[in-house]
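Here is a short walk through one protein model, meant to be read with the structure open beside you.

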Amino acid sequence: MTCLAFCGLRGGTGTTSTVAATGAALLSIGAKVLLIDLSPENLLRLHFGVPYVDRHGWGRSWLDGHTWHEAICDIQPGLGLLPFGGLTGAEHKNLPDTFQAFLPAWRDHLSTLADCYDMVLIDTPAGERNVWPLILECGLRVITMEADPACFILLTSLPRHTYHHCLITRYDPHSRLQRDIRLSWQGQLGDVLLEQVIHRDESMAEALGQKQTVGSYCPDSLAARDASNLASWCLTHAGAHP
Ligand SMILES: Nc1ncnc2c1ncn2[C@@H]1O[C@H](COP(=O)(O)OP(=O)(O)OP(=O)(O)O)[C@@H](O)[C@H]1O
Ligand SMILES: [Mg+2]
């Protein structure tokens, strides 16, 4: 079982949408996948039709003294989802403590899932330093970033050991600025930058409006094809990072 964490270089780069789409695409090529939402916004589940009012999730279970596994929803055979869970305002304020208390059990929790899943994809919130100790345990870490000046600058201050690969998201090939930034990253990052991008595609936003992943909402869309290619890349690299 390979643990692959996707982490936004900043907020809103499309990390959650990409994790949802790639998870569903992995299932469609025969992998058993668990998606874990580490973002307190608790939005990943909405891509799979989980009702907004549903409060189940690992954070809720942890705070209520239950086991992690109880909060896993079986979306389809072979596709599990572990939402963050619904927390109260006071519980949100104590998030650093929650993450810190959860950390020692993280590795044990994951190892118990090794027989059930081929891959675990983790949706990591941007700028949430408390989750990094968990993320650094993942065999494969991918930074999601838009080809814009903000991400260009932010990448320069991200310690190199924290990630294995970078993925350009919401890419618009018609934008000269984005093309230039991509070219510059290709020169700087070499193989670290994935050749595959996730294109800017309205179907991705519409899919969430339909509480679906882009692959089920619009299978022929550019973003769905990108996610499918990314899923194949994930499987290929799973062997390289056990
Ligand atoms: N490839 C894409 N093309 C067009 N719109 C996209 C794409 N990916 C995501 N979006 C839209 O961009 C917005 C942010 O996406 P998403 O929530 O997936 O980003 P995020 O990085 O997880 O954000 P956050 O940092 O808040 O967790 C949403 O409205 C989503 O529908
Ligand atoms: Mg997100």
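## A kinked helix

Start with helix 4, which has a kink of about 50° centred on Pro 104; the bend at a residue is the angle between axes fitted to the seven residues ending there and the seven starting there. Keep in mind that this is a predicted model, where local features need pLDDT of at least 70, side-chain atom pairs count only at pLDDT 80 or more, and totals for chains, interfaces and linings use all residues. Residues are numbered from 1 along each chain as its sequence is written, chains are lettered from A and ligands numbered from 1 in the order in which they are written, and side-chain values use heavy atoms, with hydrogens and water left out. Helices (H or I, at least four residues) and strands (E, at least two) are DSSP runs, numbered from the N terminus.

Buried means under 20% relative accessible area, exposed over 50%, and partly exposed in between (1.4 Å probe, protein chains only).

What does the largest nonpolar core look like? It has 43 residues, and Ile 36, Ile 122, Met 145 and Trp 185 touch the most other members. Helix 4 supplies the largest share of this core, five residues. A second, separate core holds 34 residues, including Leu 140 and Ala 227. A nonpolar core here is a set of buried Ala, Val, Leu, Ile, Met, Phe, Trp, Tyr and Cys residues joined through side-chain atoms within 4.5 Å.

Ile 122 is in contact (heavy atoms within 4.5 Å) with Phe 6, Ile 36 and Trp 106, among others, leaving aside neighbours within four places in sequence.

Asp 123 lies in strand 5. Asp 123 is buried yet has no salt bridge, and the nearest side chain of opposite charge, Arg 45, is 10 Å away. For charges, Lys and Arg count as positive and Asp and Glu as negative; His and the chain ends are not counted. The residues that Asp 123 touches include Thr 15, Thr 16, Asp 37 and Ser 39, not counting residues up to four places away in sequence.

## A charged network

A salt bridge means a side-chain nitrogen of Lys or Arg within 4 Å of a carboxyl oxygen of Asp or Glu, and the count comes to six. Glu 146 pairs with Arg 10, with the closest N and O atoms 3.5 Å apart. Glu 146 lies in the loop between strand 6 (140-145) and helix 6 (149-156) and Arg 10 in the loop between strand 1 and helix 1, so this pair ties together parts that are 136 residues apart in sequence. Asp 148 also bridges to Arg 10, at 2.2 Å between the closest N and O atoms.

Glu 146 forms a salt bridge with Arg 170 as well, the closest N and O atoms being 3.2 Å apart. Through shared partners, Arg 10, Glu 146, Asp 148, Arg 170 and Arg 200 join into one network.

## Positive phi

Most residues other than glycine have a negative phi. Arg 170 is not a glycine, yet has a positive phi of about 50°; Arg 170 is partly exposed, at 33% relative accessibility. Asn 42 likewise has a positive phi, of about 60°, but is buried with a relative accessible area of 4%.
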